[in-house]
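Let's take a walk through this fold, one spot at a time. Keep the viewer open as you read.

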Amino acid sequence: MLSSALTASVLVSPPVWARPSPGRRHIAVAASPPVEQAVRTEDTEPLTKEDLVAYLASGCKPRHDWRIGTEHEKFAFNVETLRPINYGQVCDLLNGVADTFGWQRVFEGNNIIGLKKGLQNISLEAGGQIELSGAPLETLHQTCAEVHSHLYQVKAVGEKMGIGFLGLGFQPKWDLNDIPMMPKARYEIFQNYMPKVGSFGLDVMFRTCTVQANLDFSSEQDMIMKFRASLALQPIAAAIFANSPFKDGKLNGLHSFRSHLYTDMDSDRTGMLPFVFKNSFGFERYVDYALNVPMYFVYRNKKHIDCTGMSFRDFMAGKLPQVPGERPTLTDWEYHLGTIYPEVRLKRYLEMRGVDGGSCNTLCALPAFWVGLLYDDESLCTITDMVADWTDEEREMLRRKVPVSGLHTTFRGGYVRDLAKIVVKLAKEGLQRRGYKEVGFLKEVDEIIRTGVTPAERLANLYKTKWRHNVDPVFHEFAY
Ligand SMILES: *[C@@H]1O[C@H](CO)[C@@H](O)[C@H](O)[C@H]1NC(C)=O
């Protein structure tokens with residue numbers, strides 16, 4: 001059953017990307033997130049908005065091709081001092097993993113900045129957080145195995161170097177000034193721009209870790225339905241998996257400090273996207289939104305050119321002052337889409353972005369949660385109906401209050417915990433119906449719902465009791 005919220009948005013005329021456009025370029029669909037080098041196609045005809053819309057629409061896949069992508073970040077620290085590792089140690093770590101486990105090195109200039117193997121990538125965040133972008137996989141057994149294999153590898157190499165790894169939403173101990181900056185050109189550009197547009201951009205860059213799941217859609221209609229359901233529920237997921245109660249060696253008073261930071265980072269490129277719930281929403285509307293997000297940089301001739309605050313529309317017209325006459329390629333568009341940070345992000349798939357980094361269990365549970373809800377028709381329809389009459393104000397209220405109050409946040413006379421209970425049940429039923437025996441991946445989440453104790457509260461309790469107001473034990477007891 002389609003909900004009213006959904007049927008209301010059925011498009012009457014074909015969407016712009018579906019209309020025939022004679023002479024239009026063949027859209028090159030590289031199944032990949034942004035690559036280092038922007039490749040100019042031989043076709044020099046300027047990109048049009050239709051091309052940008054078609055790019056998003058090219059993500060549509062039949063159900064049997066739907067995959068699960070998981071991405072997670074973690075802090076790497078010196079076991080002796082608990083300090084973040086420096087870039088020299090990052091190099092040793094990456095080289096060690098490359099040599100021991102057969103990964104290929106990825107460079108920027110002379111600097112090693114990541115690894116790749118098959119469809120998996122390891123990359124660096126600004127403060128040296130180590131990220132795994134997993135391959136698109138069919139089942140949660142595979143995604144979870146991938147996470148375990150990755151952790152095994154970095155730990156095996158890290159152990160010999162006195163390096164440990166910690167999955168938390170926010171750096172529990174060290175100040176911004178204690179965090180080294182990784183030598184990637186883009187970070188200098190971000191570092192200058194972030195403070196101009198919000199209070200917490202640098203904290204997000206240098207001191208947070210997240211875990212996200214990337215999921216597919218079959219059509220524009222399916223994308224709309226999944227986008228709305230997952231966007232509305234992002235705060236519920238943030239509450240369940242809240243895992244950033246510490247800052248500067250103390251409790252920060254919040255459940256998800258990471259999530260809170262995004263509320264004052266850069267309002268042009270973050271948030272709950274109310275337009276997604278309007279009848280006019282579709283691929284084209286998202287393109288309009290993305291075109292209004294100020295740019296970060298353009299990559300040309302192996303250089304990152306600072307274009308912060310500039311307009312992608314001007315770029316399309318060949319009128320960017322920094323690169324006069326240059327026009328964007330689809331690779332530039334891909335880059336630009338990746339510099340937007342709303343709670344759910346659209347590329348050629350949907351990214352669930354609301355949750356704190358966490359334990360190994362969390363890294364398996366988070367994708368399980370979203371797969372159970374979004375890849376099962378019945379659960380997706382139930383969720384769609386459930387959130388259909390939530391207002392913009394209510395979604396925004398949840399977005400703002402959940403980081404502070406977690407599952408105890410009130411909603412319509414009840415608590416977010418009550419919603420979480422329903423949602424987790426639907427996720428489990430969805431997994432059950434998929435028939436891959438994946439329900440077990442939500443065991444930890446079940447326990448959180450049953451007890452009402454989130455990872456953040458568990459840590460806060462330990463801090464106040466066993467740890468005697470000291471965060472240092474988190475590095476030992478909760479390291480992977
Ligand atoms: C890894 O990076 C390459 C480009 O360097 C890209 O083709 C691929 O899709 C990426 N994979 C993931 C899972 O991010």
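This is a predicted model: local features need pLDDT of at least 70, side-chain atom pairs count only at pLDDT 80 or more; totals for chains, interfaces and linings use all residues.

Arg412 sits in the loop between strand S16 (410-411) and strand S17 (414-415). Most residues other than glycine have a negative phi.

Now slide along to Arg468, in the loop between helix H17 (455-464) and helix H18 (472-477). Arg468 is also not a glycine, and its phi is positive, near 50°. Is Arg468 buried or exposed? With 9 C-beta neighbours inside 10 Å, Arg468 counts as exposed.

On to the helix pairs. Two packed helices are described by the angle between their axes and the distance between the axes.

Start with helix H7 (residues 220-240) and helix H13 (residues 377-387), whose axes cross at roughly 60° and come within 9 Å. That angle makes H7 oblique to H13. The crossing of H7 and H13 is left-handed. Which residues make the contact? From H7 you'll find Met225, Lys226, Arg228, Ala229, Ala232 and Leu233, and from H13 come Leu380, Ile383, Thr384 and Val387. Sorted by class, the contact of H7 with H13 has seven nonpolar residues, one polar and two charged.

Stay on H13 and look at its packing with H15: here the angle is about 155° and the axes are 8 Å apart. H13 is therefore roughly antiparallel to H15, since angles over 145 degrees fall in that class. On the H13 side, Glu378, Ser379, Thr382 and Ile383 take part, meeting Leu426, Ala427, Glu429, Gly430 and Arg433 in H15. The residues of this contact split into three nonpolar, three polar and three charged. Ile383 is worth a click, as it is listed in the contact with H7 and in the contact with H15.

H15 (residues 416-434) has another partner in helix H16 (residues 443-451), with an angle of about 155° and axes 10 Å apart. H15 and H16 are therefore roughly antiparallel to each other. Their crossing is left-handed. Ala420, Lys421 and Val424 in H15 meet Val445, Asp446 and Ile449 in H16. By class, the contact of H15 with H16 has four nonpolar residues, two charged and no polar ones.

Next, step back along the chain to helix H12 (residues 360-374). How does its length compare with what you'd expect? At 1.5 Å a residue, the 15 residues of H12 should span 21 Å, and the end C-alpha atoms are 22 Å apart, so the two agree. H12 is also mostly covered, with 13 of its 15 residues buried.

Finish at Val157, in helix H4 (residues 140-161). Val157 has 20 other C-beta atoms within 10 Å and is therefore buried, because 20 or more is the cut-off for that class. Which residues does Val157 touch, leaving aside its neighbours within four places in sequence? Val157 is in contact with Leu93, Gly96, Val97 and Thr100. Val97 is 60 residues away from Val157 along the chain, yet their C-alpha atoms are separated by 6.3 Å.

Methods: Residues are numbered from 1 along each chain as its sequence is written. Axes are lines fitted to C-alpha atoms, for helices over the stretch in contact, and angles run from 0 to 180 degrees between N-to-C directions. Helices (H or I, at least four residues) and strands (E, at least two) are DSSP runs, numbered from the N terminus. Angles under 35 degrees count as roughly parallel, over 145 as roughly antiparallel, 65 to 115 as roughly perpendicular and the rest as oblique. A crossing is left-handed if the near helix is turned anticlockwise from the far one by less than a right angle, and right-handed if clockwise. Two residues are in contact if their C-beta atoms, placed from the backbone, lie within 7 Å. Ala, Val, Leu, Ile, Met, Phe, Trp, Tyr, Cys and Pro count as nonpolar, Asp, Glu, Lys and Arg as charged, and the others, Gly among them, as polar. A residue is buried if 20 or more other C-beta atoms lie within 10 Å of its own, exposed if 12 or fewer, and partly exposed in between; C-beta atoms are placed from the backbone. The expected span of a helix is 1.5 Å times one less than its number of residues.
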